[in-house]
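Have the sequence and the structure in view as you read.

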Amino acid sequence: MIKIEKVSKKFTKLIDKKKKSEFYADREISFTAKEGEIVGVLGPNGAGKTTLLRMIAGIMAPTSGTIEIDGLNYEDNDIEIKRKMTFLTGNTKLYKDLSPYELLKMCAEYYRVEKREIEERISLLSRKFAMDSFLYQRIGSLSTGQTQRVAIARCLIHEPKYYILDEPTSGLDIISSKVILDTIKEEKKKKKCILYSTHYMEEAASICDKVIFINKGQVIMIGTPEMIKEKTKTDNLRDAFFSLIEGDNNG
Amino acid sequence: MDSIIITIKKELRGIIRDKKSLLMMALTPIFIPTFVILMSYIFEEMTTTQKIENYKIGLNYELTEKEKELLSNEIEPIYYDKIELMEQAYKDKEIIAYIIKDENIYNIYNNSQSEDGSIVNAHLISYLEGYNTYLGQEYLLDKNIDLSKVYHNITYYNNEIAGESVFGNQVILMAVTFTVMAITLTAIYTSTDTTAGEKERGTLETMLTFPLKRRELILGKYAAIVISGIITLAIGVTLSIVSLWYVKNNFSIYDSIIFNINFLNIFLIIIILIFYTLFVSGLCISIASFSKTFKEAQTALTPISLITCIPMFLEMLNINLHGFISFIPIINHTTIINEIIIGNIDFSSIIIIILSSIVYIVLLLTYIVKEYNREKILFS
């Protein structure tokens with residue numbers, strides 16, 4: 001289980017040549033995500049979604065608050081937690097000089113996948129994401145859709161327990177998006193825990209068990225899509241979000 | 001340890017597959033034979049086509065046959081009736097010096113501080129000393145005195161022994177300078193590519209999600225840069241030895257020269273160059289890591305490329321390795337190489353340089369590992 005408690009992240013930005021100011025990208029965020037659950041993190045650009053997911057993935061450290069994964073924290077168990085996790089963003093860049101095969105092998109080695117299993121997993125993922133025809137081509141020569149398939153395969157190579165996906169379908173065509181969404185659904189069936197941020201409210205409504213609305217670095221509502229719609233008396237998550245931020249602005 | 005090895009493999013694969021990195025690593029040393037052969041050709045041209053210059057001097061007296069014999073071929077005497085005309089000729093730079101003879105007193109007028117004046121001065125003193133001796137011998141012969149008892153008590157011969165020479169040392173120094181240059185450029189390019197380049201390409205974020213410590217990440221990158229530098233070193237040293245062997249056997253200027261390139265010298269130079277590679281790689285990765293883009297890192301590292309000129313400057317300034325200099329990185333590496341080339345092997349200095357290099361490398365790596373743990377360096 002992922003347990004986030006009062007997590008805040010403060011940054012310093014330069015106003016002009018000499019002046020600096022501090023601001024919170026995320027402020028006192030708390031929630032949990034369980035195995036077999038897809039949790040959607042929704043909010044506009046600059047809401048603090050990416051920073052939050054980066055902290056959960058262990059790329060950044062929170063300024064305050066605690067992040068626990070299976071009862072472990074990053075300060076003491078950095079490597080152990082990262083072995084259970086994968087992180088994918090919509091603009092994840094892959095090594096253009098490597099082939100998908102080399103990339104998958106390298107990732108598997110980093111995650112300490114048994115040597116005898118590596119080849120088997122690569123061929124399984126290659127079939128699953130139809131990568132056979134370009135498995136040994138340089139990634140730099142692949143199309144956007146092919147590259148995104150390689151990026152997802154990379155996430156699955158070590159069979160992680162937790163998926164941290166930051167706008168994974170952003171900018172993709174519907175076919176490539178479907179590949180990602182189908183993978184998310186499949187992994188949920190395997191009792192994996194998926195944290196998923198997106199701009200696309202309809203997409204989130206269709207796959208998320210739980211939704212967290214974030215605005216200006218703060219959680220404005222958490223609940224199932226149905227519950228949120230009911231509470232905000234709206235028909236869809238988009239309207240629900242606008243009604244919540246209007247209320248927030250009026251308040 | 002496994003994560004470091006995986007990172008090294010990943011970085012080396014990237015370096016080898018990147019044409020620019022490969023070019024920097026393998027092709028820069030190709031300048032070594034090109035320049036060694038070219039410089040040898042220029043040196044040979046200089047020595048074979050250098051014409052003997054005639055220095056014109058003024059005299060107010062006629063030379064005897066013996067004096068003509070004693071005066072160097074390089075000196076061309078011009079006779080003047082009047083001293084004023086001779087002085088005017090000196091002022092007009094028609095002659096470089098003049099001698100005024102008054103009975104048996106000879107006054108040389110010359111600026112011996114100038115380059116040509118000092119040469120002429122030596123010739124004129126030699127001529128007058130010789131003539132003085134000749135007159136003494138004539139006097140003794142008149143008196144029937146055995147000249148050998150006065151002038152030929154000892155016999156000496158001047159035999160040329162093959163040894164070091166300016167040309168020989170310069171051509172070896174050039175080979176070493178280009179090797180140092182190639183190593184430095186490789187370290188600059190690969191450290192830029194593996195740190196700032198990785199940030200710019202957006203792959204660093206992916207790396208940070210992998211289960212590896214930041215320390216392992218930076219050490220893996222550092223090791224890959226060092227390996228690239230050592231490959232360049234190996235190519236550079238091999239090409240240096242081959243090109244020096246070639247010029248030694250094909251250019252007559254090196255006929256009587258012994259190049260100080262025996263097994264021990266080569267071994268010591270390689271050891272020093274390895275520590276230079278380790279140091280300069282650490283320095284480059286430390287600087288490049290603060291840059292956000294490839295271009296920014298290259299700008300920051302440009303001053304490092306000037307390091308490549310240090311061996312030549314040290315040779316020009318004739319700096320010797322002593323206490324304090326032994327601890328200044330890069331200068332100590334290049335100075336000790338210069339010393340080894342001319343045959344001055346000081347093992348205590350070599351040990352000091354190796355130990356101080358290890359200390360600097362550890363400090364640089366500790367610093368950059370610490371910085372890599374800060375988010376500012378990764379996400380600024």
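A crossing of two helices is left-handed if the near helix is turned anticlockwise from the far one by less than a right angle, and right-handed if clockwise. Helices (H or I, at least four residues) and strands (E, at least two) are DSSP runs, numbered from the N terminus. This is a predicted model: local features need pLDDT of at least 70, side-chain atom pairs count only at pLDDT 80 or more, and totals for chains, interfaces and linings use all residues. Residues are numbered from 1 along each chain as its sequence is written, while chains are lettered from A and ligands numbered from 1 in the order in which they are written.

Start with chain A. Helix H3 (residues 100-110) of chain A packs against helix H5 (residues 144-156) of chain A at about 20°, and their axes are 9 Å apart. Axes are lines fitted to C-alpha atoms, for helices over the stretch in contact; angles run from 0 to 180 degrees between N-to-C directions. The angle makes H3(A) roughly parallel to H5(A), a term for angles under 35 degrees. The crossing of H3(A) past H5(A) is right-handed.

Residues are in contact if their C-beta atoms, placed from the backbone, lie within 7 Å. H3(A) contributes Pro100(A), Leu103(A), Leu104(A) and Cys107(A), and H5(A) contributes Val150(A), Ala153(A) and Arg154(A).

Next, the contact between the chains. It involves 18 residues of chain A and 18 residues of chain B. On the chain A side, helix H2 (74-83) and H3 of chain A are the elements that give two or more residues. The table sets out residue classes. Ala, Val, Leu, Ile, Met, Phe, Trp, Tyr, Cys and Pro count as nonpolar, Asp, Glu, Lys and Arg as charged, and the others, Gly among them, as polar.

| Contact | Nonpolar | Polar | Charged |
|---|---|---|---|
| Side of chain A that touches chain B | 11 nonpolar residues | two polar residues | five charged residues |

Now chain B. Four strands form an open sheet, ordered E2-E1-E3-E4 (chain B), with mixed pairing. Strands pair if DSSP finds at least two bridges between them. Strand E2 (75-79) and strand E4 (105-110) of chain B are the edges, each pairing on one side only. From one strand to the next, the twist averages 25°. Strand E1 (residues 55-59) of chain B runs parallel to strand E3 (residues 97-102) of chain B, joined by three bridges. Gly58(B) has Tyr98(B) as its bridge partner in E3(B).

Key
Parallel < 35°, antiparallel > 145°, perpendicular 65-115°, else oblique. Contact = placed C-beta atoms within 7 Å.
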